[in-house]
Amino acid sequence: MDANSSRFQSFGQTEINWDKLDKAKFYGIGAGLFTGITVALYPVSVVKTRMQVAVKDSAEKNAASVVKGLLKNDGVPGLYRGFGTVITGAIPARIIFLTALETTKVGAFKMVEPFKLSEPSQAAIANGLAGMTASLFSQAVFVPIDVISQKLMVQGYSGNARYNGGLDVARKLIKSDGIRGLYKGFGLSVITYSPSSAVWWASYGASQRIIWRFLGQNSASESFAPSHTQLISVQAGGGIIAGATASCITTPLDTIKTRLQVMGDKGKTARQIVESLIAEDGWKGFYRGLGPRFFSMSAWGTSMILAYEYLKRLCSNDEQS
């Protein structure tokens, strides 16, 4: 057995590699699993988006007032504005993301192996590269879905136009700006989501190893065999840490991106949006929606990673043999 295969076996104690998965089962069950999580956490995205695009004189300055306003005007369906568009595009985008993530992660671990770095450092670099690459590949699908769903989330709010569904948004965007209208903020999306994904996955990979060390366990040892309870607890802890880290670092870019995508049809450039944010709220304006984004990334990240790791164990070919 060579050094690389030995290394991957040790990581296999807590992680299941791409080549060990039943791909058909992975994609089929995964689509249903992640759809369920999206249903549960989608309202948080609606609240965050409305907070980010609120004008200075808006009465809805915090998450509670946004929720109250949505429920008063539209009932529970108001919390799911744009959901149909998101769920339609989420499945192909998620398939692209997860495939790129797993295949890149395997190659990245092999790439960093010769440097003899500590286990948390190796995990951070490999997971970070994988997360960034996966995000870059999936943006082609994510950005148009993002643009359409965000316009539906804020329609009729703070002077924004109203639409008759996602197709109506797409039709009007293409009519006014061509296909590029669906890719408003694409550059900022790449700048926002790729580093965010890199930070999230790097933090997740490294924090797991650090938590295991704190608990007096060596996750690189071939004799390492944690219980399911221990494994789930450490993975959940890693998800929370990753979500907190990524949200704090990337919220300013996310705020600019969201306002550009939603308000771009009013002739505003990214520079003008930055200037208006500073004029309205000072530098804290860049952190509008931080609370919902922090909760969303931590809750989504923890739910997603637990579901994802469970899905991988469920679809492992080793489990079936």
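# Reading a predicted helical chain

Me: At 30% relative accessibility, is Leu253 buried, partly exposed or exposed?
Reply: Buried means under 20% relative accessible area and exposed means over 50%, with partly exposed in between, for a 1.4 Å probe and protein chains only. The model is a predicted one, in which local features need pLDDT of at least 70 and side-chain atom pairs count only at pLDDT 80 or more, while totals for chains, interfaces and linings use all residues. Residues are numbered from 1 along each chain as its sequence is written, and side-chain values use heavy atoms, with hydrogens and water left out. Because its relative accessibility is 30%, Leu253 counts as partly exposed.

Me: Which residues does Leu253 contact, leaving aside its neighbours within four places in sequence?
Reply: Leu253 sits in helix α8, residues 228-263, where helices (H or I, at least four residues) and strands (E, at least two) are DSSP runs numbered from the N terminus. The C-alpha atom of Leu253 is separated by 8.4 Å from that of Ser189, 64 residues apart along the chain. With contact taken as heavy atoms within 4.5 Å, and with neighbours within four places in sequence left aside, the residues in contact with Leu253 are Leu188, Ile191 and Thr192.

Me: How many helices and how many strands does the protein chain have?
Reply: Of the 321 residues of the protein chain, 52% count as buried, and among contacts between residues at least 6 apart in sequence, 79% join residues at least 24 apart. From the N terminus on, the elements run α-α-α-α-α-α-α-α-α-α-α. The counts for the protein chain are 11 helices and zero strands.

Me: What is the handedness of the crossing of α2 and α4?
Reply: The axes of α2 (residues 23-53) and α4 (residues 83-112) come within 10 Å and cross at roughly 135°, axes being lines fitted to C-alpha atoms, for helices over the stretch in contact, with angles from 0 to 180 degrees between N-to-C directions. That makes α2 oblique to α4, since angles under 35 degrees count as roughly parallel, over 145 as roughly antiparallel, 65 to 115 as roughly perpendicular and the rest as oblique. A crossing is left-handed if the near helix is turned anticlockwise from the far one by less than a right angle, and right-handed if clockwise. By this convention, the crossing of α2 and α4 is right-handed.

Me: Which residues of α5 and α6 make the contact between these helices?
Reply: Helix α5 (residues 119-153) and helix α6 (residues 166-177) pack at an angle of about 115°, with their axes 9 Å apart. That makes α5 roughly perpendicular to α6, and the crossing of α5 and α6 is right-handed. The contact is made by Val147, Ile148, Lys151 and Leu152 of α5 and by Gly166, Val169, Ala170 and Leu173 of α6.

Me: With the side chain of which residue does the side chain of Glu102 make a polar contact?
Reply: Glu102, in helix α4, is buried, with a relative accessible area of 2%. Leaving aside neighbours within four places in sequence, Glu102 is in contact with Ile16, Trp18, Tyr308 and Lys312. A polar contact is a pair of N or O atoms within 3.5 Å; within protein, one must be able to donate a hydrogen and the other to accept it, and residues adjacent in sequence count only if both atoms are side-chain atoms. At 3.2 Å, the partner of the Glu102 side chain is the side chain of Lys312.
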